[in-house]
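Here are my notes on the model you sent over.

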Amino acid sequence: MTTRWTAVRVLRDRTAGRCLTAVMVSGFGTSALWLASGVWVKDLTGSDGLAALCLLAMWAPTLAGPVLGTLADRCRRRPLLIVLSLSMAALLLTLCAVDGPEELWLLYAVLFVYGAAGTVHDAAESALVAGAVDGSLLGDFNGLRMTAGEGMKLLAPLAGAGLFTAYGGSGVALLDAASFLTAALVYMSLRVREERPDRVREGGRGATAEGARHLWGDTVLRPLVLAGGVTMLCAGVSGALTYAVVEDLGHSPAYAGVLYAVQGAGSVTVGLLSGPVLRRLGARRFAAYGIGLLAVAMALRAVPYDPVAWASAATIGVGLPAALIAVLTEVQRRTPGPLLGRVTATANTLVYTPNVIGLAAGAAMVELLGPRAQLSGLGVVLGVTAAVLLAQRRSSADRTAARSASDASPA
């Protein structure tokens, strides 16, 4: 009852509901393109390596997150989101010109710009939501956003694959362009008051470093973000072992899709529950308990038994998003508005970059160590991370923030 009530509160909030709609629409197009771009390259060239470069092109700009996030602090966020969405809609139309291997440079260039624009978009959207949505709803909003994102990951690849089969890569590009156009219209409909940003006191590297200094100097955010980075590193290693785990279970590689679906169901569940649980536990304990669940799930993943594999996948789906929701919500709550774009982008870089490193490390070690030894080690690392996070003493500011959030919404 409480979960449903808080979800309804978010959807009834004009700004929160429309921001959530924009996230869902653009996320649908992004997920469809993410799958179709690799299939597109594979279809044109027959090369697995060139197909994998699509993911690298989209991911690489996130390394420049602290720099790109500065743009979100120099402009009003709503107009910036509108311009970004319309620009991406127009840029994606150029992919209709890709008809053979000789035009692949255009696809990679668009995907690179896509990744850079997405980094700025995420920072600006986080700052816009933090400034326009009731602070007591931030945990609920981020949980519902996670739920919507997981739902899009389940549905959009199927739509993208179907469109690619029927109309080729151009059809998927048009779908993604339409999703950005729709998101721009939703942002236009928002009625939020934004003050003109103050001139950044420092230029160049100084402005970029200001967000990193705030993040590192906050005794609550620093351990949360570091724990999030360790968690995503372990999740990357585990992700690289998926097909080895499936092989141990005695199934074909397609069985990985079943495990991903079960994991997605767990993520949807924690997304719906995150608001009330965050208010009860606070971000630090919510993240620590999520990482603790993830530690147990990783260790169980080494057991070659179907019911255990399903339970492990569902538990991963619960534990991993809990840590990510806690980090984002606390960044929004504890960061001044003028810095929020840079701090969000910096936190995203520190949390999500280790995931790619983990994927590479897991792929390199799977033949050397085997999946069971690695999964057992991941369970230990995550267990220690959760214990260290729980052992962190709350600062007085942390206690005040948690108490204020609970008082504001005693659900």
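**Notes on the model**

Heads-up before the details: this is a predicted model, where local features need pLDDT of at least 70, side-chain atom pairs count only at pLDDT 80 or more, and totals for chains, interfaces and linings use all residues. Numbering starts from 1 along each chain as its sequence is written, and side-chain values use heavy atoms, with hydrogens and water left out.

1. Start with α10 (residues 221-240) and α16 (residues 371-391), which pack with axes 10 Å apart at an angle of about 170 degrees. Helices here are DSSP runs (H or I, at least four residues), numbered from the N terminus; axes are lines fitted to C-alpha atoms over the stretch in contact, with angles from 0 to 180 degrees between N-to-C directions. That makes the two helices roughly antiparallel (angles over 145 degrees).

2. Who makes that contact (heavy atoms within 4.5 Å)? On the α10 side the residues include Leu224, Val230 and Cys234, and on the α16 side Leu378, Val381 and Leu389 are among them. By class, the contact has 11 nonpolar, 4 polar and no charged residues (nonpolar: Ala, Val, Leu, Ile, Met, Phe, Trp, Tyr, Cys and Pro; charged: Asp, Glu, Lys and Arg; polar: the others, Gly among them).

3. A salt bridge means a side-chain nitrogen of Lys or Arg within 4 Å of a carboxyl oxygen of Asp or Glu. Arg372 sits in α16 and Asp248 in α11, so the pair ties together parts 124 residues apart in sequence. Arg372 is partly exposed at 43% relative accessible area, and Asp248 is partly exposed at 37% (buried is under 20%, exposed over 50%, partly exposed in between; 1.4 Å probe, protein chains only).

4. Have a look at Arg334 and Asp218 too, a salt bridge at 3.1 Å, N to O. Arg334 is in α14 (residues 306-334) and Asp218 in the loop between α9 (205-217) and α10, 116 residues apart. Both partners are buried: Arg334 has a relative accessible area of 17%, Asp218 one of 11%.

5. How many salt bridges turn up in the whole structure? The search finds 8.

6. Last, the cysteines: there are 0 disulfides (pairs of cysteine sulfur atoms within 2.5 Å). Cys234 is buried at 4% relative accessibility, whereas Cys75 is partly exposed at 27%.

Note on methods: Parallel < 35°, antiparallel > 145°, perpendicular 65-115°, else oblique. Contact = heavy atoms within 4.5 Å.
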